[in-house]
Amino acid sequence: MNLDELLKEYSELELQLADPAVHADQNKARTLGRRYSQLTPIVTTYRELDSTRDDLTAAKELAGEDEAFAAEAAELEERIPHLEEKLRHLLIPRDPNDDKDIIMEIKAGEGGEESALFAGDLLRMYLRYAERLGWKTEVIDSQPSDLGGYKDVTVGIKAKGDEGVWSRLKYEGGVHRVQRVPVTESQGRIHTSAAGVLVYPEAEDVDVQIDPNDLRIDVYRSSGPGGQSVNTTDSAVRITHLPTGVVVSCQNEKSQLQNKESALRILRARLLAIAQEQAEAAAQAERKSQVRTVDRSERVRTYNFPENRISDHRVGFKAYNLDQVLDGELNAVTQALIDAEMAEKLAQHS
């Protein structure tokens with residue numbers, strides 16, 4: 001969509017949002033409001049650029065009569081390239097999910113109990129990061145391990161401000177590798193283990209329609225570390241989406257109904273991710289020459305405890321403050337990934 005079309009869409013959105021009838025449908029009003037917020041920085045920057053160009057023309061005309069206008073013209077001339085570059089950045093097609101909240105799954109991988117402990121470390125890192133940004137977190141489901149880590153844990157993260165959680169944490173999906181001396185290691189040898197992270201944009205009801213006839217719902221008793229039953233009723237729920245084979249289990253809540261709602265929430269997010277991946281695959285096939293800098297499907301990061309080093313392999317990011325990163329100081333890491341993707345998009349649209 002070119003700039004003229006965006007300006008026209010912005011004007012139409014202003015008219016729609018001024019109509020009280022639109023606000024009778026909260027979902028529609030929210031969708032329109034979100035799009036209006038997305039376009040506002042583009043329109044504001046364009047208007048500022050347009051106004052600056054007009055001011056420059058006027059200042060140049062008056063510069064012959066008054067030296068003060070010559071100085072003003074020089075300042076305005078210097079501002080224009082910065083505004084043009086800002087507008088160019090804003091016109092880069094954005095990820096439609098950037099405003100969304102997320103559901104994140106962290107799964108222990110190779111490495112047994114040490115991997116489960118590392119999964120617990122990753123969970124704490126994301127929870128602390130969310131706390132720093134004022135985001136709301138909720139552990140939706142978990143399978144603790146015997147030593148205090150997690151075999152599998154699912155967490156929902158919601159933003160309070162305008163910036164969606166997806167825009168900063170979408171790059172976390174992939175295999176995370178840890179190198180350290182495990183608590184279970186008596187010889188002091190460094191081991192390598194891994195945990196997997198899956199990130200989905202939180203799906204709203206309007207994003208994904210689920211036919212109840214497509215679901216098989218099983219109930220069973222919840223189990224804790226070591227497999228012992230922690231509930232005397234069949235409160236745990238397993239939902240299988242028959243068309244796709246996606247299976248979601250939840251057992252955190254004591255109520256079967258609450259576990260079912262949590263499982264449906266995760267299922268909606270997974271189905272949305274599948275649909276978007278299929279659409280992206282089709283788009284990728286049409287532009288085979290495009291190579292993504294940020295590939296979320298491969299081993300993404302290494303956490304080296306002996307050297308206090310964190311390395312992101314996709315963009316060559318490396319820092320020696322692993323202890324601080326694990327305590328939630330993730331901004332430098334996520335910003336490196338955001339900057340890399342922006343640079344790639346700019347190169348594609350230059």
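Me: Which residues form the negative surface patch?
Reply: This is a predicted model, in which local features need pLDDT of at least 70 and side-chain atom pairs count only at pLDDT 80 or more, while totals for chains, interfaces and linings use all residues. Residues are numbered from 1 along each chain as its sequence is written, and side-chain values use heavy atoms, with hydrogens and water left out. A patch is made of residues with over 30% relative accessible area and no salt bridge, with like charges joined within 9 Å and nonpolar side chains (Val, Leu, Ile, Met, Phe, Trp, Tyr) within 5 Å; a salt bridge is a side-chain nitrogen of Lys or Arg within 4 Å of a carboxyl oxygen of Asp or Glu. Here the negative patch is formed by Asp50, Asp54, Asp55, Glu72, Glu75 and Glu78.

Me: Which elements give two or more residues to the negative patch?
Reply: Helices (H or I, at least four residues) and strands (E, at least two) are DSSP runs, numbered from the N terminus. The elements that give two or more residues to this patch are α2 (26-63) and α3 (67-90).

Me: Why does Asp54 count as partly exposed?
Reply: Asp54 lies in helix α2. Buried means under 20% relative accessible area, exposed over 50%, and partly exposed in between (1.4 Å probe, protein chains only). Asp54 counts as partly exposed because its relative accessibility is 49%.

Me: Which residue in β9 is the bridge partner of Val175?
Reply: Strand β4 (residues 174-180) is mostly covered, with 5 of its 7 residues buried, and two strands pair if DSSP finds at least two bridges between them. With β5 (residues 191-201), β4 runs antiparallel over 7 bridges, and there Val175 is partnered by Gly196. With β9 (residues 299-304), β4 runs parallel over 5 bridges, and there the partner of Val175 is Arg299.

Me: Which residue in β11 is the bridge partner of Ile310?
Reply: In strand β10 (residues 309-312), Ile310 and Asp312 point one way and Arg309 and Ser311 the other, and all are buried. Strand β10 pairs with β9 in the antiparallel sense over 4 bridges, where Ile310 stands opposite Tyr303. Strand β10 also pairs antiparallel with β11 (residues 317-319) over 3 bridges, and in β11 the partner of Ile310 is Ala319.

Me: Which residue in the turn between β10 and β11 has a positive phi?
Reply: In the hairpin of β9 and β10, 4 residues lie between the strands, and Asn308 in the turn has a positive phi of about 50°. The strands β10 and β11 form a hairpin with 4 residues between them, and the turn residue with a positive phi, of about 70°, is Gly316.

Methods: Accessible areas come from the Shrake-Rupley method with a 1.4 Å probe; for residues, only the protein chains shown count as cover. Lys and Arg count as positive and Asp and Glu as negative; His and the chain ends are not counted. The place of a charge is taken as NZ of Lys, CZ of Arg, CG of Asp or CD of Glu.
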